[in-house]
Amino acid sequence: MMAEGYLALVKSEPADDSRDGDEAMRSTMPAAPSPGHDLSQTPTPVDRWRCRRDGAADWSVPPVRTVVVAPHPDDEVLMFAGLIAHQVDAGANVLILAVTDGEAAYPDVPPSVLGERRRGEQLAAVEAMGDGRIDIVRLGLPDGGVEEHSTALAGAIQDVRSPGCIIAAPWHLDHHCDHEAIGRAALDVALRSGDRLVQGIFWGWHHRSPTDLEQPLRRLRLSTETMKRRQTALNCHRSQVGAGHRSPVLDASALEPLAWPFEYHIVLPTQREEQA
Ligand SMILES: [Zn+2]
């Protein structure tokens, strides 16, 4: 029964926890907060994840259509560049579902200006990863306010998925309110569709404990060429990696996990596997 399975468990458990977490995060926000990047809590060293990373088994990725749900422009690179490169090289169709334009990343930049800039950066990054072979569907939901549109979001994921596809989305405990809302919506769709759900981690490396992770990590080895490709794509997100802002969101500390020669995912069992 699905109600007893892991997918049902993670769907039902984090909802209240995450809501509490969001409220807790909001209570720590500075006086003029950016709703999209409520990451003011002091990060913890990513090295404490070493025990979980060392125990990660290799993941042999099936070359099937893959839908990558990206909360903000840059997340498709930060969490899934290796997976995307693998699928593109294998000839599998990749679609990026771009949920927000990331227009709230910097409170001192007008959202319309930043949103337009980041849409362009994401297009360039996707081009760098896929050489014209990756599709983008853009939802334009509000940066920092995805939770309020969770039903529409789940419907959009449902609309772009197809039988047998992989859905790649953030871990439902990835600390940022938009990441977690999208993680929950993707879980909801995977529960109903039976699709393979693959969760990525970014802010969770810095703000969650390894004990929060109930499933083992799986790893995808990145070739030198893939790591270069990812760096090229990341550099396209100039507004986030330093160019033009005195306090970039993606500073050297935040990007530390990108030095690892593996991309780590949580590969959840499908409904069929849970019932076997
Ligand atoms: Zn993000």
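Because the model is predicted, local features are described only where pLDDT is at least 70 and side-chain atom pairs count only at pLDDT 80 or more, while totals for chains, interfaces and linings use all residues. Residues are numbered from 1 along each chain as its sequence is written.

Helices and strands here are DSSP runs, of H or I over at least four residues for helices and of E over at least two for strands, and they are numbered from the N terminus. Eight strands make up an open sheet with mixed pairing, in the order E1-E7-E8-E6-E5-E2-E3-E4, where two strands pair if DSSP finds at least two bridges between them. Strand E1 (57-58) and strand E4 (134-141) are at the edges and have a single partner strand each, so one side of each is left without a neighbour in the sheet. E1 is joined by two bridges to strand E7 (residues 218-221), and these strands run parallel; the bridge partner of aspartate 58 in E7 is arginine 219. In general, strands of a sheet pair through backbone hydrogen bonds, either parallel or antiparallel.

Helix H4 packs on this sheet, touching strand E3 (94-100) and E4, and its direction makes about 155° with that of E4. Helix H5 (residues 150-160) also packs on the sheet, where it touches strand E2 (66-70), E3, E4 and strand E5 (166-170), and its direction makes about 165° with that of E3. These angles run from 0 to 180 degrees between N-to-C directions, with axes as lines fitted to C-alpha atoms, for helices over the stretch in contact.

Of the 15 residues of H3, 13 are buried, so the helix is largely enclosed by the rest of the structure. A residue is buried if 20 or more other C-beta atoms, placed from the backbone, lie within 10 Å of its own, exposed if 12 or fewer do, and partly exposed in between.

Helix H8 has Thr226, Arg229, Arg230, Ala233, Leu234 and Cys236 as its buried residues. They cover an arc of only 145° around the axis, which puts them on the same side of H8, the arc being that of the directions from the helix axis to the C-beta atoms. The face turned away from that buried side carries the exposed residues Thr224 and Lys228. Among the elements that cover the buried residues of H8 are helix H3 (75-89), helix H4 (111-130) and helix H9 (238-241).

Most residues other than glycine have a negative phi. Aspartate 74, in the loop between E2 and H3, has a positive phi near 120°, and histidine 175, in the loop between E5 and helix H6 (177-193), has a positive phi of about 75°.

Finally, alanine 186 lies in helix H6 and counts as buried, with 28 C-beta neighbours inside 10 Å. Leaving aside neighbours within four places in sequence, alanine 186 is in contact with Val69, Ile157, Ile167, Ala169 and Leu197, a contact meaning that the C-beta atoms, placed from the backbone, lie within 7 Å.

Definitions and conventions:
Two residues are in contact if their C-beta atoms, placed from the backbone, lie within 7 Å.
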